[in-house]
Amino acid sequence: MTGVRILVIDDELAIRRFLKIILEAEGHTYIEAGTGQDGLVAAATQRPELIILDLGLPDMDGSVVLKRLREWSSVPVIVLTVKDSETDKVALLDAGADDYLTKPFGVPELLARLRVALRHKQSAVAEPVLRIADFQIDFTDRTVSIRDELVRLTATEYELLRILAQHAGKVVTQRQLLRDIWGPQAVDQSQYLRVYIAQLRKKLERDPSSPDLIITEPGVGYRLRLVDEK
Amino acid sequence: MVEPFRPDPDALLAAIKKEEADAHNGRLRIFFGMAAGVGKTYAMLRAAQERQQEGVDVVVGTVDTHGRAETEALLVGLSIIPRKKLTYRDIVLQEMDLDAILSRKPQLVLVDELAHTNVPGARHPKRWHDVLELLDAGIDVYTTLNVQHVESRKEYVEQVTGITVRETVPDTLLQRACQIALVDITPAELLQRLKDGKVYLGERADAAARNFFQEDRLTALREIALRLTAETVDNELQGLTAARKTTGSWKTSERLMVAVSHSPYSEGLVRATRRLAFNLEAPWIAVNVDTGKLLSKQDQTTLTRNLALVKELGGEVVTTADPDIVAALQRVADQRRVTQMVVGRPTRRWLKDMLFGGTLLDRLVRKSGTFDVHVLRPDKLLSAGKWKTRLKGPWSALYEYWWVLDVMAVVALLGNFLYPVIGYHSVGFLFLLAILALSLFFSLGPILFGAILSALIWDFFFIPPHGTFAITTQEDVIMCVAYLVAALITGSLTNRIRWRENMLRIREERTETLYEIVRAIVGARDKGELARAVTERMGSSLSGDYTVFLRGSEGGLEKDYVAGTTWIVSDKEWAVAKWAFDNRKDAGWSTDTLPDAGALFLPLVGPTEMVGVLAYRPKTNNLLMQDERNLLSSVCRQLAIAVERELLQERSREMQQLAESERLYQTILNSVSHELRTPLTAIIGNASALSNSQIASDPDSRRQLSDEIIKNGERLNRVVSNLLDMSRLSSGKLSLKRDWHEIGDLISVMLDSQKTTLSGHNVVMRIAENLPLVRVDFQLFQQALSNLLLNVATYTAPGTTVEIEARATGRSLQLAVSDNGPGVPEASIPHLFEMFYRVPGSPSGGAGIGLAITKGIVEVHGGTIVVGNRPSGGACFTITLPIEQQPQMPQDDGSL
């Protein structure tokens, strides 16, 4: 992964210092802003390729920053959240954030999220086939195989897997999945997802009770895990 | 032997109490005069103006200027509180606005005409009650009063002037006054004023009023007024000297006693006794002897009034029960060391006197060894009243006479049949038997009537010669007369026995009720039961509705309804209740305050504080009898003591709880401090080691140190999370975000997050197929399970197998976490989930909060968690969650 310009919007000096070290060690260019307003200005003037946005900003709510940002930019945004603020996380993901990190987080998680976010951005052309270790999904002829064996999936199961695969590595919110598969009237029917995810796991996972591929993001949604995250 | 002078301790105590009271209460200054027109109001206003010049806050409560210009001029500059309008019988009248003055809280208020009677509907029946309330509230009062209105002087004035005095003020009020300013002018001057038209005669601008204003009468009044003022001054002086222990002329040896009854003479006797007592400077008591004779309502009212008069005039009331009046008086006299007794000269009733050994007076004099007897002549004015009382009684039993007549007729007929067999003597016995039988049912009048009638019938119809009242033989005459006497005596005696039995029965019932109530009070467990103990039982003795108001936690009266009463108090009644509570005085029906309220409100005064109010709404509206009043006050006292005890217990419980939470707080503080500091110490230690370049250059050391920092950081994170959860759980502000989840998924996510802590253990999952979904808060439940697993990992050695099993049983889902480690010590099992509980001897590393939080979270989801030891060894935690009705599943679709 080549170095990119990354903007960090966070009011806490300690976090910014830590992120600066890590990001620069990975070869990225580090830009920082301490307030939402400064962040928006920096985003407009410095044109970063990825933004790490903290939610607890002093002057404006993180969600407002995101909203303003999304009015004119589709730059990938990873939000930093505090544990227990589920509603914030989900709301932000629905509002256009690409992924989230729960504080306190370690470096591997951070780098994994970065990689995923940047990969999706960089690949402008969608790949027809996605391979993750033993798993393979072919979007063109709509086939899925695991350990070189073809897997039979129902239409809904495929659809669910397809969405997750298209966002491979990123979290997809429960709401989004329900809305895209079953329609807007089903956004609260989480039991649908549970059933189908369970079925998918049974068919795809080596050990369904300890999934490697389809990961539950508690309170948020699901994510198809990429190899380098392990 | 002459005793060294010792001031009477009672007097000293009274003086001290008076001083204390004076410090808080307002001071009363009475502008006193012999008659209307001497210039009392004028003097009062002049003094008020002076006060105002000095800077005192003066308001006018009520002042009657009667249009006199000079008096009106003095009102200028004083703030006047507007009077309250009250409607009585469609007339709008104005009264002094007591509440307005109380809320205004001036330093001094002017209240004219102390003897004035208030309009019904005002708080108190008399203006002097209003003044007392003002004084109790700490407000000084100036007022005016004529000598004729003083209670103890009323009779005298009536005698001297010939007018009837209708409004009076008790002498206690004069004693309460700090200053009595006599406004004195010569009668000649007053008469001149009258001529000049400067005197307001009121409604009585008639002949009687003009008779009043005659020089000799005015002189007499002046003397009475002067004497009264002198007496009061003298009294004050005595009070002051007694307190200062200087040699005073304190005659403690005399004690007066007067017998008080329902007799209308009693009033005069009481007043006379008071005068005598005052002159002798001696205490006096009034004794009421309850002979068991039932009194009519009229008599009861008179008795109550007489006893109230005694209290007003400053005497002590003693009630005793004894069929023999003389013995009772003697007994009380002995007990109280009475030296002088006051009695009225009795009317002579020859027959009765002969029978009973002389009049009451004679018997008293004969038996009295230790006291003198003063005999006073009865007051002429009151004798008319006596006759009226006498006549009223018998008429009410008209139907009884009819019955007696019928029975006599029946017996006569019976006698007629039996006469040939038994002879006319025996017929007499028949009549006697009839009289005896009748006396069991009817009152005295009809019985006496029956006795006489039967004698006549017997004489006329049966004793020869028949058909006449004449009696031939002498033996028959004696027999007839003897019969009559026997009938009369036995009839009245039987009657008396019956009444006495009745009285005893009522008395016994009352005592029984009181006993029952006290027993219930003692056995009551809380305030509600205490209140109910009274309200449910009093009705049988004193019929009516009862309710109890108790003091709330802030100290004010609470409108808390006692379960079981159907009486809901109206707002007006509630106001009276609050007044009784605030002022510590009885209020409502049959008291001096707001007597037109439908109920009586008695404050419950405990040993150290006010605890509530007992409210009683009578069934009938007659005046409250003395013994009923006594019953109520006994009950009030008992209730107050019990309630206060209860309140104190509550308070001590609260104290204990407070101490308990203090202790808990300390524990938490210590525990948290330790839990946070421990990982922090490791982090700082390891990090600073890393800063050492030598150590940092070795990759293995670097790895080890950084691992330690990460591990301890995670541990710190855990502790913080747990603390937050704990505070949220205990505050009850935990908002669950419940959603349908698979328990298997939850467990695997949890295990994933606990990878490092469980790295040394062998974890086996046994999740049943097709388990129903559960509606839980994923994050919280994950936290609960994490804490549980962490606990298992901490207390078992590495290498231990941990089994996690999930299955459905009927209506619930069971999650079991078991290990094959050492298990939980038996003694710890009941306490394991308690906050801050650590198994004794366990390795440090937890604050003891983890399991408590797990339990809290499980329970908030409606589930349960238990712990036990497996028979095969090791501990087993079992979480049971209720299975809710499953939601609608999606339609299955076909394969791809």
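## The interface between chain B and chain A

In this predicted model, chain B and chain A meet through a contact to which chain B gives 29 residues and chain A gives 31 residues. The area buried between the two chains comes to about 2,400 Å², and carbon and sulfur atoms account for 50% of that area.

## Polar links across the interface

Two salt bridges are found across the interface of chain B and chain A, and one of these pairs A:Arg194 with B:Asp739, whose closest N and O atoms lie 3.6 Å apart. Between the two chains, eight residue pairs are in polar contact, both residues of each pair being at pLDDT 80 or more.

On the side of chain B that touches chain A, the elements that supply two or more residues are α25 (699-731), β19 (739-741), α26 (743-753) and α27 (778-795) of chain B. The residues of this side are made up of nine nonpolar, eleven polar and nine charged ones.

Within chain B, B:Asp171 belongs to helix α7, which covers residues 171-176. Because its relative accessible area is 4%, and the cut-off for a buried residue is under 20%, B:Asp171 counts as buried.

The side chain of B:Asp171 makes a polar contact of 2.4 Å with the side chain of B:Ser152, and a polar contact of 3.5 Å joins the side chain of B:Asp171 to that of B:Arg274. When neighbours within four places in sequence are left aside, the residues in contact with B:Asp171 are B:Val150, B:Glu151, B:Ser152, B:Arg274, B:Glu312 and B:Leu313.

Conventions:
Residues are numbered from 1 along each chain as its sequence is written. Chains are lettered from A and ligands numbered from 1 in the order in which they are written. This is a predicted model: local features need pLDDT of at least 70, side-chain atom pairs count only at pLDDT 80 or more; totals for chains, interfaces and linings use all residues. Side-chain values use heavy atoms; hydrogens and water are left out. Contact means heavy atoms within 4.5 Å. Buried area is the accessible area (1.4 Å probe) that two parts lose on being put together, summed over both. A salt bridge is a side-chain nitrogen of Lys or Arg within 4 Å of a carboxyl oxygen of Asp or Glu. A polar contact is a pair of N or O atoms within 3.5 Å; within protein, one must be able to donate a hydrogen and the other to accept it, and residues adjacent in sequence count only if both atoms are side-chain atoms. Helices (H or I, at least four residues) and strands (E, at least two) are DSSP runs, numbered from the N terminus. Ala, Val, Leu, Ile, Met, Phe, Trp, Tyr, Cys and Pro count as nonpolar, Asp, Glu, Lys and Arg as charged, and the others, Gly among them, as polar. Buried means under 20% relative accessible area, exposed over 50%, partly exposed in between (1.4 Å probe, protein chains only).
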